[in-house]
Every structure is written in C-alpha cells, then in structure tokens.
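Dear colleague,

I am passing on the structure we spoke about, so that you can look through it alongside the notes below. Please keep the sequence open while you read.

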Amino acid sequence: MSDNSSRRNPKPNKSLGRRIIISVITLLVILAATIGLMGYRYFQDALNPLDPQDTKVTQVHIPLGASNKQIGSILQNKKIVKSGMVFDYYVKSNNMANFRAGYYQLKPSMSLKRIAQRLQQGGSDQPIQSTKGKVLVREGANIDQIAAQVAMTTDFSKQDFIKLMKDDTFIKQLATRYPKLLDSAMKAKNVRYRLEGYLYPATYEVEKNMSLKTLVNQMVAKTNQMVTPHLAKIKKTGMSVQQFMTLSSLIEREGVNQTDRRKMAGVLLNRIDINMPLQSDVAVLYAIHRNNKTLTNKDLQSNSPYNLYKYTGFGPGPFDSPSISSMSAVLHPLDRSKDYLYFVANTKTEKVYYSKTYAEHQQQIAAHTADNNN
C-alpha cells in the first residue's frame with residue numbers, strides 16, 4: 001500500500017507545476033500586450049504635433065551630413081517633436097530623404113510631415129529672425145554678455161553669436177567695409193574676439209527675416225559712426241584705434257562720472273608713458289573669464305595676455321563695448337600734469353581719490369576700506 005501511495009503523489013505536483021507555468025506565461029503575454037499597446041499609443045501620439053497650440057518659433061540648426069537619426073535627436077532636444085526615434089522611423093517608412101543642412105524656423109505645432117517637408121526644402125545658411133524684436137547692448141558689456149542678451153530677445157542662440165564672432169571670413173568682410181575702424185584690430189595678436197569693443201552700446205531693431213550677420217553689421221556700423229569723426233585726433237595721440245578702444249573700454253567700467261572718467265584716462269595714459277602696468281581689475285576679470293569677482297593673488301598671476309597686472313602696455317585689445325563718453329574721456333584726459341598714477345574709489349560715496357605715489361595710494365585705500373567692505 002505504501003508503494004502505491006508514493007507513486008500517486010507526483011501527479012498533483014505535476015498539475016501544480018503546469019498551472020504555475022501557464023500563469024507565468026499568461027502574465028508575460030498580458031505584460032507584452034500592455035507594453036505593446038502602450039508603445040503603439042506612444043508611437044501614434046508621437047506622430048502628431050508635439051503641441052498643436054504652441055506656435056512659438058524655435059530656430060533649429062541642422063549640420064551638414066547629419067543622419068535622419070541625428071536630425072530626430074536634434075528636433076527632440078529642441079522640443080519640436082516628441083520622439084526623435086519616431087521621427088527617424090516616420091521619414092524612413094515614408095521614403096523621405098535628402099534633408100538639407102541649414103537654419104530652420106520650426107514650431108512644436110507642426111506635423112512630422114510638415115517638418116520633414118521643410119527640411120527637404122532647405123534652410124538658411126545663417127541664423128535669421130522670425131519676428132520683430134529688439135536687442136539692447138549695454139555700455140560696458142563684453143561679447144559673451146552681448147551674446148547672452150541676443151539669445152534672450154531674438155531667435156539667435158548664444159552659440160550662433162559666438163560662432164559668428166570667430167568667423168574669420170565674416171570679420172574680414174567687415175574690415176573691408178570699415179577699414180579705418182578695424183585695420184589695427186585685424187593686426188592685433190592674441191585677441192579673444194577680434195570684434196570685442198566694436199559692437200556699440202545701443203538698442204537695435206531686429207526685423208523679421210534679418211540675419212545675424214546683418215545685426216552684427218549694424219553694431220559695427222554704429223561704432224564706425226561714433227569713432228570716424230575722431231580718427232584724426234586719435235592719430236595725433238599716437239595710439240592706434242585698437243589701443244584707443246582698449247583704454248576706452250577700461251574707462252567704461254572704471255569711471256563713475258565724466259570728470260572722473262577724464263581723470264582716470266589721465267592716470268592710465270601717464271602709466272603708459274612710463275611703461276608701467278595699467279593694473280586694471282577690469283582687465284584681470286576679463287582675463288579669467290569673470291564679470292564680478294573679488295580678485296585673489298592667484299587671479300593676478302594669470303598668464304593671459306589680457307592680464308594688465310602682469311603685462312605692460314595696452315594688451316591685445318578692448319575688454320568691453322565703450323560708450324562715446326568713455327572715448328571722449330580718453331581723447332580729453334584731465335590732470336595729466338599732476339602726474340597721478342593711482343586712483344581708488346569709495347564705493348559708498350562714489351568719490352574717486354588720486355595719488356602720485358604707491359604710499360599715498362595705500363593710505364587712500366586704508367582710509368576707505370570700511371566703506372568699500374560694507
């Protein structure tokens with residue numbers, strides 16, 4: 001009896017095993033079906049415009065030689081399509097190809113078909129503006145800051161602006177157009193941006209379909225307009241336009257009022273005359289790629305040619321975009337005969353104190369330390 005009983009026991013175990021296997025398979029089938037349904041819905045949803053209500057234009061750059069997969073990724077990152085992978089599948093399944101490089105004005109409300117058709121038609125070879133806008137170049141702003149401002153108020157990106165600032169072909173075209181203004185800038189060595197200092201501080205209207213090159217040309221043209229009447233006087237000073245714009249850019253960030261700007265210009269020119277480093281914090285901040293920072297001894301030892309604590313002379317070129325007031329101060333310096341070589345400002349009272357010797361300068365610094373540290 002016991003032997004027969006032991007033979008009958010495995011049957012229930014086999015039955016239980018089958019039920020477990022069937023249950024697992026069923027769950028896997030349901031899971032696969034659910035995932036498939038979700039994937040299908042996601043795919044179908046991704047075929048539709050990302051946001052039918054969003055008609056805001058985004059400028060998208062498609063580089064030369066980009067594959068469909070790369071284009072899809074760019075469109076997804078720019079939030080023009082929901083899925084770059086679905087875009088890739090869509091254009092392949094519909095035999096859509098021959099997409100062209102360039103800059104495109106695209107919207108999240110556009111269908112994949114419409115986007116693909118636009119890419120086949122071709123874009124602009126340079127960034128363009130889709131709507132009317134304005135760009136404010138502030139006095140004392142450098143090119144990196146101007147690029148950020150342009151990106152905030154136009155369809156042009158900061159990267160596009162910086163790229164144009166390094167476009168030798170474009171810059172040479174500007175130099176041909178404005179030779180007296182840019183000749184010395186073109187000859188300068190070790191410059192970060194050849195157009196630094198030549199994008200005049202003003203408000204610029206950015207019309208629809210205007211190119212980024214046109215916008216930059218307006219800025220340089222404005223500088224040319226402001227500088228040209230003073231070219232003869234600049235020549236008499238013995239400075240090149242590049243050197244003149246460099247001192248003007250330092251004065252722009254240092255000066256509080258016009259009288260002090262003229263006095264500060266006198267100090268800087270006195271230092272140049274005796275081959276003494278200009279020792280400008282503005283220059284060091286530019287050298288270390290910062291706009292506002294308490295300088296350390298390490299900062300002052302920067303090997304950048306823009307570090308005018310370490311190197312004598314004017315340096316490679318301007319540090320920012322100076323106004324006509326700062327230019328005028330350099331052309332009409334005050335108190336040069338007093339042989340001032342130092343100045344320090346009281347940031348609380350905004351009064352500037354001038355000294356002939358380093359000892360006097362140290363006394364002035366000590367006298368105003370409390371106000372300047374508050």
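Below is what was found, taken region by region.

Please bear in mind throughout that this is a predicted model.

I begin with helix 2, which spans residues 10-47 and contains Ile20. Together with Val24 and Leu28, Ile20 forms a nonpolar patch on the surface, and the three residues have about 270 Å² of accessible area together.

Once neighbours within four places in sequence are set aside, Lys222 is in contact with Tyr200 and Tyr204. Lys222 and Ile20 are 202 residues apart along the chain, and their C-alpha atoms are separated by 82 Å.

Helix 10 (212-227) also takes part in the packing around helix 16, whose buried residues pack against helix 10, helix 11 (231-237), helix 12 (241-254) and helix 13 (258-273). Those buried residues of helix 16, which covers residues 324-331, are Ser326, Met327, Ala329, Val330 and Leu331.

Finally, the structure holds 1 cavity of 30 Å³ or more, and about 40 Å³ of space lies in the largest cavity. The lining of the largest cavity is made up of Asn142, Arg253, Val282, Leu285, Tyr286, Arg290, Asn291 and Phe319, with helix 14 (residues 281-287) giving the most to this lining, at 3 residues.

With best wishes

Conventions. Residues numbered from 1 in each chain as written. Predicted model: local features only at pLDDT ≥ 70, side-chain atom pairs only at ≥ 80, totals over all residues. Heavy atoms only, no water. Patch = residues over 30% accessible without salt bridge, like charges linked within 9 Å, V, L, I, M, F, W, Y side chains within 5 Å. Areas by Shrake-Rupley, 256 points an atom, 1.4 Å probe, with all protein chains shown as cover. Salt bridge = Lys/Arg side-chain N within 4 Å of Asp/Glu carboxyl O. Helix = DSSP H or I, 4+ residues; strand = E, 2+ residues; numbered from the N terminus. Buried < 20%, exposed > 50% of the residue type's maximum accessible area, 1.4 Å probe, protein only. Contact = heavy atoms within 4.5 Å. 1 Å grid on protein atoms, 1.4 Å probe; cavity = no way out; pocket = protein on both sides within 12 Å on 5 of 7 lines; lining within 4 Å. Points joined across faces, edges and corners; volume = space filled by probe spheres on them.
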